[in-house]
Amino acid sequence: MARWQCSVCGYIYSEEQGEPATSTKPGTRFPDLPDAWKCPVCGAAKSAFALMKEEEVLHEAAESTVSDAIIRELAAWGITLIFGLPGTSSLGLVDAVRKNPEMRYIVVRHEANAAMAASAYNKLTGKIAACLTIAGPGATNLTTGLYDAKEDGASVLSLNGQVESQYTGPYGIQEIDQDAFFHPVSVYNNTVYERNKAIFLLNLAVKYATLHHGVAQLSVPNDIQKQTLDAACCRRETVITRPHIVPDERELDKAALAIDRAHHPVIIAGWGSYGEDAAIAALAERIKAPILTTYRAKGILPEDHPWVVGVLGSVGSPQARALVNDADLLITLGVGFSKFTNVPTDKILVQVDTNPVRLGKGQKAIPLWGNCALTIPKIMAKVMEREDGGVRETIARMKREWQDQLEREADAEAVPVRPPYIMKVLSETIPEDAVITVDVGENQWWFGRNFRMKRQRFAMSGYLATMGFGFPAAIAAKIAYPEKQVICITGDGGFSQAMSDFVTAVKYEFPMVVVVLNNHQLGMIQVEQRMEHYPNYATDLLNPDFAAYAEACGGKGITVQKPGELKEAIVRAMSLDVPVIVDVDTDPGRF
């Protein structure tokens with residue numbers, strides 16, 4: 001059985017398979033086709049076809065291709081979730097995904113959303129998800145989401161098609177120098193130019209993404225994707241998934257001595273200590289130190305925990321800032337030291353981090369290079385247990401003062417609905433085991449300041465702070481935790497950047513609640529203009545009816561215009577087994 005290729009569009013007619021689109025039965029020889037038969041893709045005449053040489057027939061006859069081997073290797077490493085868009089230069093890889101029952105390919109409407117979803121998936125689960133798209137514009141569209149992963153230390157694998165090797169260089173269609181393009185955003189970056197290197201290079205990509213907590217990018221040219229490959233003959237690497245780093249005992253002794261000598265120690269828990277809530281609480285109990293968190297670590301312990309005061313930073317309370325100012329020693333656990341947290345570095349710091357480059361903040365730092373899971377118990381074993389001395393009572397008083405202020409801000413009568421009231425209702429209504437994703441903008445500020453975390457998980461775009469993160473993150477959250485309520489808290493500006501993928505949530509039947517704080521403004525920009533004494537300009541938004549948009553996409557939409565409607569709307573939205581947009585009419589920047 002031979003194969004014939006159209007010289008106009010490149011379509012291949014297989015005598016073995018026939019052509020269903022033209023009612024040609026399998027086994028029909030090409031010369032036996034009617035003279036009037038035309039190419040089913042471009043309509044070219046039968047005479048435009050030429051017999052293919054045996055060596056030109058690759059993936060259709062191959063038992064295993066490079067693409068098949070790559071996707072099998074991904075599955076072997078437990079990387080089974082892929083976000084992206086198919087296209088010409090990735091068809092071999094996409095078909096390998098189709099054939100592998102372990103893989104799940106979520107097709108999105110924009111590649112930036114694919115990369116943000118992959119980033120959020122790692123932030124929420126610690127597992128790696130992949131992006132799979134085409135060369136050129138598909139690759140370039142990924143980069144906002146990939147930069148979010150880079151800045152926040154999320155492990156993501158970017159698997160990209162590339163044009164056929166002979167078409168690389170200037171003026172190739174959808175061809176860019178992807179090695180150069182991805183270099184600034186990646187911890188590993190390569191192209192498979194030889195098929196026998198494919199598995200080795202993929203192993204390296206997974207290793208670097210895992211150990212360096214960042215983006216690994218691998219491009220695979222279209223022709224190489226289709227070549228035959230016996231993966232058993234390929235070189236492989238072992239990937240260490242969780243390196244155990246323990247500080248030097250002498251440094252631990254220095255830290256313990258400094259803690260014992262301190263009169264007012266304060267613990268600051270950052271994202272790098274996530275998952276170590278029990279150990280952090282035990283350390284606070286032993287040395288009688290209040291616990292503050294960075295924004296990204298909000299909820300690492302419930303905010304009603306007796307040793308937790310709240311978030312430190314621009315969205316935090318005055319009480320948290322007062323504690324830090326009065327402290328004579330700060331114990332920072334996986335803290336990134338961003339300008340918004342504003343951790344003072346002129347104090348004695350006992351600093352725990354797995355990244356040695358971040359250690360040594362200020363001249364009084366005692367750096368402890370190690371995992372919080374291993375380091376905190378070692379500190380516990382070396383420090384003395386203290387008497388309370390009224391610390392818990394002081395913490396309780398500070399929290400009452402802050403909570404009273406938040407209650408006063410949450411005006412239940414104001415129309416449009418005030419953001420503090422929205423956060424109050426959400427705090428009271430969202431289940432304790434829910435997963436929350438937060439977009440960037442004024443909604444994020446109100447969430448950090450006014451929402452009371454219990455035991456929920458949440459994800460945000462931290463250092464890149466990119467608008468449009470909240471909704472694709474919600475898609476990732478629903479895949480990661482299908483049994484849990486997923487709530488996306490976003491603004492009208494942020495949601496409108498990602499709303500094309502609301503149909504993706506409908507298509508894949510991902511029930512979730514999207515709460516849009518609709519103030520018809522880029523509210524945070526308006527505040528920033530005010531802070532820098534600029535007149536308000538270019539921040540007003542002309543929005544569609546978000547609730548009607550949800551219905552048009554096949555989901556549900558609820559509009560809230562009065563405070564009394566909000567709680568019922570959230571409860572109803574959570575009861576529906578479809579994606580829901582709750583469009584809340586609010587004002588920008590109102591206390």
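In which strand is Ser 158 found? Ser 158 is found in strand S7, where strands (E, at least two residues) and helices (H or I, at least four) are DSSP runs numbered from the N terminus. This is a predicted model, in which local features need pLDDT of at least 70 and side-chain atom pairs count only at pLDDT 80 or more, whereas totals for chains, interfaces and linings use all residues. Residues are numbered from 1 along each chain as its sequence is written, and side-chain values use heavy atoms, with hydrogens and water left out.

- Ser 158 is buried, with a relative accessible area of 0%, buried being defined as under 20% relative accessible area with a 1.4 Å probe and protein chains only.
- Leaving aside neighbours within four places in sequence, Ser 158 is in contact (heavy atoms within 4.5 Å) with Cys 131, Leu 142, Leu 146, Phe 182, Val 215, Ala 216, Gln 217 and Leu 218.

**The six-stranded sheet**
- The strands of an open sheet follow the order S5-S4-S6-S7-S9-S8 with parallel pairing, and two strands count as paired if DSSP finds at least two bridges between them.
- Strand S5 (104-107) and strand S8 (186-191) are the edge strands, each pairing on one side only, and the twist averages 20° from one strand to the next.
- S8 runs parallel to strand S9 (residues 215-221) and is joined to it by five bridges, with Thr 191 standing opposite Ser 219 in S9.
- Helix H3 (residues 111-125) lies across strands S4, S6 and S7, at about 165° to S6, while helix H6 (residues 198-211) lies across S7, S8 and S9, at about 170° to S8; such angles run from 0 to 180 degrees between N-to-C directions of axes fitted to C-alpha atoms, for helices over the stretch in contact.

**Helix H19**
- Phe 546, Ala 547, Ala 550 and Cys 553 are buried in helix H19 (residues 546-553), and because they fall within an arc of 125° seen down the helix axis, they line one face of H19.
- These buried residues pack against helices H16 and H17 and strands S19, S20 and S21.
- At the start of H19, a side-chain oxygen of Asp 545 reaches to within 3.1 Å of the backbone nitrogen of Ala 547, and just after H19, Gly 554 takes a positive phi of about 100°.

**The whole protein**
- The protein has 20 helices and 21 strands, and buried residues make up 55% of its 591 residues.
- Along its principal axes, the C-alpha trace spans about 95 × 60 × 45 Å.

Notes:
Buried means under 20% relative accessible area, exposed over 50%, partly exposed in between (1.4 Å probe, protein chains only). The arc is that of the directions from the helix axis to the C-beta atoms. A polar contact is a pair of N or O atoms within 3.5 Å; within protein, one must be able to donate a hydrogen and the other to accept it, and residues adjacent in sequence count only if both atoms are side-chain atoms.
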